[in-house]
Amino acid sequence: MQEESDLVTGEAVVLDLRVAKLASRGVAMLLDVLVQGALLLIVVVTVAATSSDLDPALTIALLLSVFVLIVIGYPVLFETLTRGKSLGKMALGLRVVRLDGGPIRFRHALTRALAGFFVDFWALGFLGAVAVIVSLSSSNGRRVGDYLAGTLVIRERVPQSAQAYVAMPPGLEGWAAQLDLSRLPDDLALAARQYLNRFHELRPDAAHALGQGLADQTAHAVGVAVPYGMPAWVFLSAVLAERRNRDQARLAQQVHAGPPPAYAGPQQQDHQPRPFQQQPPAPQPAPQEPENPFTPPS
């Protein structure tokens, strides 16, 4: 079952995250255990075939070292390199994130792996009984390792909600057309769009603080300062609307250009006229509703 988390950041912004519950996490864990078991089996067979000349104590020490590396090193390596995904989580569309929604780092992955080995699953976890009990008791499906590391497992493959149309504030078309938006990161633009969509859901002081921070970051990226007296949401609306208009114009230009013509040979090219090919119509931008630049977005 998918449920939205009730996590709130320091700026009083509710995180719209789809938490992963016990069922999906259990299937992902089963896939990871199968991969780890296959790796252990390969190592045991290899050591057994080549350990006839080795000391028995050395063989046992080697097997224990490999066991620790696979059981603990496997999740740490994958979750660190992929920012919160193992092979099982990739297959189920899950990801481990911090409680503030950010990507995890090595220390988070290491804490989760150590807690999973010693508390949640193997050493003292009674083959996962502790993890199941703690996860069922948690509203967000977190196990002991998640509590110690400050993490949360979310679902990434969820239907995207419809985004509200961001209109260009009247009178700012010419000013926005001169902006250099090539250095505006996609994640910052997405954060600004989400802020505009949820403007009325925030407290006034939190909306002002968060909007001002996003406006300052956006202004630094585009190389201009926020005009004096302009609200942050107006500045962000102008930047995002101009960015969308440029993307639509670029797409329309590519549609009009079409694929390059195939080479028909020198004789056909000189003597045979090419048939007329009608170009597909360019996509029309969504209608822009004029609105007062000093009226918050609805």
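Asp120 and Arg143 form a salt bridge, with their closest N and O atoms 2.5 Å apart; a salt bridge here is a side-chain nitrogen of Lys or Arg within 4 Å of a carboxyl oxygen of Asp or Glu. Because Asp120 lies in helix α4 and Arg143 in the loop between α5 and α6 (144-149), the pair ties together parts that are 23 residues apart in sequence. Helices (H or I, at least four residues) and strands (E, at least two) are DSSP runs, numbered from the N terminus. Asp120 is buried, with a relative accessible area of 0%, and Arg143 is buried too, at 9%. Buried means under 20% relative accessible area, exposed over 50%, and partly exposed in between (1.4 Å probe, protein chains only). Salt bridges that share partners also join Arg25, Glu79, Lys89, Arg112 and Asp146 into one network.

A word on what you are looking at: this is a predicted model, in which local features need pLDDT of at least 70 and side-chain atom pairs count only at pLDDT 80 or more, while totals for chains, interfaces and linings use all residues. Residues are numbered from 1 along each chain as its sequence is written, and side-chain values use heavy atoms, with hydrogens and water left out.

In total, the structure holds 13 salt bridges. One of them brings together the side chains of Glu156 and Lys85 (3.0 Å, N to O). This pair links distant parts of the chain, 71 residues apart: Glu156 sits in the loop between β4 (151-155) and α7 (173-177), and Lys85 in the loop between α2 and α3 (87-92). Glu156 is partly exposed at 34%, whereas Lys85 is buried at 19%.

Of its 30 lining residues, the closest to its centre are Arg25, Met29, Lys89, Phe121 and Arg143. A pocket is an open set of points on a 1 Å grid over the protein atoms alone, where a 1.4 Å probe fits, with protein on both sides within 12 Å along at least five of seven lines; lining residues have an atom within 4 Å of a point. Helix α1 gives the largest share of the lining, 8 residues.

Helix α1 is also the place of Leu31, which is partly exposed at 32% relative accessibility.
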